[in-house]
Number of protein chains: 4
Amino acid sequence: MMNRVVLVGRLTKDPDLRYTPSGVAVASFTLAVNRTFTNQQGEREADFINCVIWRKPAENVANFLKKGSLAGVDGRIQTRSYDGQDGKRVYVTEVLAESVQFLEPRNSSGNNRSDNMNYGAPREQDNPFGGSNNYQNQRPQTNRNNQDYTRVDEDPFANSGQIDISDDDLPF
Amino acid sequence: MMNRVVLVGRLTKDPDLRYTPSGVAVASFTLAVNRTFTNQQGEREADFINCVIWRKPAENVANFLKKGSLAGVDGRIQTRSYDGQDGKRVYVTEVLAESVQFLEPRNSSGNNRSDNMNYGAPREQDNPFGGSNNYQNQRPQTNRNNQDYTRVDEDPFANSGQIDISDDDLPF
Amino acid sequence: MMNRVVLVGRLTKDPDLRYTPSGVAVASFTLAVNRTFTNQQGEREADFINCVIWRKPAENVANFLKKGSLAGVDGRIQTRSYDGQDGKRVYVTEVLAESVQFLEPRNSSGNNRSDNMNYGAPREQDNPFGGSNNYQNQRPQTNRNNQDYTRVDEDPFANSGQIDISDDDLPF
Amino acid sequence: MMNRVVLVGRLTKDPDLRYTPSGVAVASFTLAVNRTFTNQQGEREADFINCVIWRKPAENVANFLKKGSLAGVDGRIQTRSYDGQDGKRVYVTEVLAESVQFLEPRNSSGNNRSDNMNYGAPREQDNPFGGSNNYQNQRPQTNRNNQDYTRVDEDPFANSGQIDISDDDLPF
DNA sequence: TTTT
DNA sequence: TTTT
């Protein structure tokens, strides 16, 4: 009925970009969000929050954010489950990002483009059914590290504990 | 750096109230938040989001909310980990509620008191060090179902998969 | 760069539905949001927050909410200005609702349809350019009070202090 | 009942720090929050959102933020009214910040201290009744521009259109 | 399994 | 009355 999350933190690693069998892009990344208070031992801790973003913004995230980047996320909490390798059900709570905001100053790391662009915003590209956007088998033009992105039928999310990603996981 | 969550949904069960060894109250509950869109099969799904709240508001939650209650939560996402019974580390993502809003109409279920009271708000009772409030070993005056609340040294969170709760888990 | 608002409160009046010259629906309403704390005199006060919503959700709001309805709003803060009748510029801060959640129990007032429907959600109807939706000159099928809705060239927002509304006010 | 705002944007001017007659600090500032979409003319616009923060965090804001600083605000919307100089009531909608996050990189402007400190967080200093904090007549130790801060009985908010600020305006 |  |  209402479900809203806003985060600002730093990526713990480079984002991970995958494609579903039908060619839809998904990026996943973890945000380290430092707490504003200290624990009983006087240490400042952080929450490590897993985030997922789909379609064009996923490719923007993969192209413009990297380990250590300061980013803002606006989205919602999503829970899902899948069968773990040991046979029992694994429950996941993560943030489905609807937009990701790049908060690094423009000249901070050199390989980033314009400042403060919002990666989920233009409503029509965000819309799965809108316009003429077809992400099927599409490859990003710009690619930070030139790797060949894994397609999901070639074992996506292998190292993130999720065995299989399908088009059924699409948020809308 | 920034971490904010707002949810409105219904409790999937009665809230679960525990006490730490030093007597601090903790309530946990799960909110079912219906999605506003349907999946590929045209079904409306829900996210099941685990929430935790501490101190006096925890007791209010235990006393005034029950399975099916419509409630709003304002808080933040918290991640933590503990050693599972099988020896490997379990990672948990949940919402630390800072305030819980009761959204049921006053006359809906009969045993609820005033409408729309906010359970975390009065800052001074919320403050662990503030004023003369001492929740240590305190028992709620009103008690919906008159059970004798488990103290944590008597196996708290036993059925929720967490073996041990300590005062170190206090959010501030 | 980031701008997110979540509110739950009650409508102070029936919502006000207008149409731009090109036929786009706009509803405006005020939410009374009770504060969770009391002032120096021990009184509980409220904030009265003006909200605006466009297109199909505007018509849903007009059809399903009325004075006193409990509603949730997810949106963003918008500022705008116009020339007042006394010649000087008037500055307005209001909430642009992206979705409105009806939180009244289903049987509470009789003339409401299903419970907890979300009025802004289905992304494709929300999209101004999406699909085959054309709201131009469209009239709501269901109409709570059967009035003939004012079109904006017939002096819309006359009683709300804004002299003129145009298609330029569309949020996207 | 629920009222939550999260913003990230840039200060349009240096923050304005005042004191109530009883010595409580208040800072006000405007955040320019760029929209993520463009208007009909293809221009990217911004919302200019007035924010207010009280007590110790107000002094931190005054000391560490200035025109152009990137900042995050977590708070709520507040409405209030006062009698304008022309005799008629003026209605104000603004954001009451509960915490302000400094998002500028540490070495960006030279005169800022540590990175990403949160200015409203430590709950006990935030609490008006908590601990031994007494802001009465207190002057900030660090002062960016060494001006002598106006006290409110010496015409505070004179240039912001509000004639008088009193301790009754304290949010809690 | 974590970021500055 | 607006910021990068």
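**Note on the predicted model: chain A, its interface with chain B, and a helix of chain C**

1. Among contacts in chain A (heavy atoms within 4.5 Å) between residues at least 6 apart in sequence, 62% join residues at least 24 apart. This is a predicted model, in which local features need pLDDT of at least 70 and side-chain atom pairs count only at pLDDT 80 or more, whereas totals for chains, interfaces and linings use all residues. Residues are numbered from 1 along each chain as its sequence is written, chains are lettered from A and ligands numbered from 1 in the order in which they are written, and side-chain values use heavy atoms, with hydrogens and water left out.

2. Chain A has 2 helices and 6 strands, taken as DSSP runs numbered from the N terminus (helices H or I, at least four residues; strands E, at least two). Along the sequence these elements follow the pattern β-β-β-β-α-β-β-α. Of the 172 residues of chain A, 56% count as buried, that is, under 20% relative accessible area with a 1.4 Å probe and protein chains only.

3. At the interface, 34 residues of chain A are in contact with 33 residues of chain B. The area buried between chain A and chain B is about 2700 Å², and carbon and sulfur atoms give 51% of that area; buried area here is the accessible area (1.4 Å probe) that two parts lose on being put together, summed over both.

4. The rule finds 2 salt bridges across the interface of chain A and chain B, a salt bridge being a side-chain nitrogen of Lys or Arg within 4 Å of a carboxyl oxygen of Asp or Glu. One salt bridge joins the side chains of Arg76(A) and Asp47(B), at 3.2 Å from N to O.

5. On the side of chain A that touches chain B, at least two residues each are supplied by β1 (2-11), β3 (25-38), β4 (44-54), β5 (70-83) and β6 (89-102) of chain A. The largest share, 9 residues, comes from β1(A).

6. β1(A) also pairs with strand β1 (residues 2-11) of chain B, in the antiparallel sense and over 7 bridges; two strands count as paired if DSSP finds at least two bridges between them. Within this arrangement, Asn3(A) stands opposite Leu7(B) in β1(B).

7. In chain C, helix α1 (residues 55-64) is mostly covered, with 10 of its 10 residues buried. The buried residues of α1(C) include Arg55(C), Lys56(C), Glu59(C), Val61(C) and Phe64(C).

Note on methods. Buried means under 20% relative accessible area, exposed over 50%, partly exposed in between (1.4 Å probe, protein chains only).
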